[in-house]
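Student: I would like a close look at a single part of this structure. Please keep to one connected account.

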Amino acid sequence: MAQAAAVAKPPAPPRRRRASATPRRLPYLLIAPAALLMLGFIAYPVLSVFYYSLRHYNPTKPWRDGFAGLDNFVHAFTDDPRFWDTLVFSAKWVVVEVGLQLLFGLALALIVNQTFAGRALGRALVFSPWAVSGVLTSAIWVLLYNSQTGITRYLADAGIGSYGTSWLSDTATVFPAAVVADLWRGVPFFAILILADLQSVSKDLYEAAEVDGAGRLQQFWHITLPHLKDAIVLSTLLRAVWEFNNVDLLYTLTGGGPAGATTTLPLYIANTSVDAHNFGYASALTTVAFVILLFCSIVYLRLSKFGGEDK
């Protein structure tokens with residue numbers, strides 16, 4: 001017994017303390033305020049738009065308010081010619097703007113990616129219009145297109161055109177004038193994204209191509225353009241959505257005129273809700289615009305194989 005008592009028993013292993021749930025919940029607690037704000041400022045307005053799209057809702061005519069079902073959508077597709085006119089113009093506006101912005105943005109990115117004296121200043125000048133707000137951009141171009149003090153005045157002094165000409169009030173010139181104004185601000189967006197992706201292309205690829213006898217055009221087609229594919233797809237998709245929803249520039253420049261020639265679907269929705277106070281029908285048009293953008297975005301990403309490897 002003495003020997004047994006002399007043999008020391010091994011100490012018992014320490015009990016594991018139950019892990020506290022607080023560290024695991026801490027990340028969720030930290031993002032909870034932001035999540036609640038997003039629910040309040042994004043989810044609730046979106047759901048309310050879907051709700052009011054199924055109702056007749058006009059605060060100035062409360063006796064007509066009530067459940068509408070699909071009446072607002074039927075009216076849009078069958079009895080409202082302005083809906084189709086604005087939808088067609090929106091598609092035209094997006095295709096022209098995004099196409100030209102991509103073309104000029106790619107050209108500018110290739111230029112400022114080269115090594116030359118004053119490159120930093122050149123990049124700053126190229127990117128500076130993107131830092132200007134949409135409303136301020138509109139104000140600048142309203143002054144430039146002013147018939148008394150703007151571009152047309154100086155052209156008339158040079159013998160080109162006549163005094164008092166307003167490009168924004170003529171249906172033949174209002175669309176090109178609005179396109180140029182939006183190009184000034186939109187091109188830097190593409191230039192910034194494409195330049196950032198250009199700087200990640202390995203110079204070894206170009207050196208190897210030169211050894212193999214490839215020219216500048218072949219290098220651009222087989223090295224630069226495939227490398228820029230995802231950046232181009234993403235930037236065109238984002239810009240297409242933004243241009244489709246562009247309201248501030250066209251509203252400030254033309255107000256949708258002359259004679260509704262520059263009224264996009266979002267601008268028509270804004271006029272329907274704010275001016276006509278027909279919030280039920282405007283909500284239905286907003287829902288249609290949302291479905292169109294969602295469908296086109298999914299199809300575009302599938303067709304472009306965004307994020308996938310080219311075979």
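Which residues make the nonpolar surface patch of about 1100 Å²?

Tutor: This is a predicted model, in which local features need pLDDT of at least 70 and side-chain atom pairs count only at pLDDT 80 or more, while totals for chains, interfaces and linings use all residues. Residues are numbered from 1 along each chain as its sequence is written, and side-chain values use heavy atoms, with hydrogens and water left out.

The patch of about 1100 Å² is made by Leu37, Met38, Phe41, Ile42, Val46, Leu47, Phe50, Phe290, Val291, Leu294 and Ile298. Patch residues have over 30% relative accessible area and no salt bridge, and nonpolar side chains (Val, Leu, Ile, Met, Phe, Trp, Tyr) are joined within 5 Å, like charges within 9 Å. Accessible areas come from the Shrake-Rupley method with a 1.4 Å probe, and for residues only the protein chains shown count as cover. A salt bridge is a side-chain nitrogen of Lys or Arg within 4 Å of a carboxyl oxygen of Asp or Glu.

Helix 2 (21-52) and helix 14 (279-304) each supply at least two of the patch residues; helices (H or I, at least four residues) are DSSP runs numbered from the N terminus. Helix 2 gives the most, with seven residues.

Val291 lies in helix 14. Val291 counts as partly exposed because its relative accessibility is 47%, between the limits for buried (under 20%) and exposed (over 50%).

Helix 14 also meets helix 11: contacts (heavy atoms within 4.5 Å) join residues including Ile232 and Leu237 of helix 11 to residues including Leu293 and Leu301 of helix 14.

Terms used
Buried < 20%, exposed > 50% of the residue type's maximum accessible area, 1.4 Å probe, protein only.
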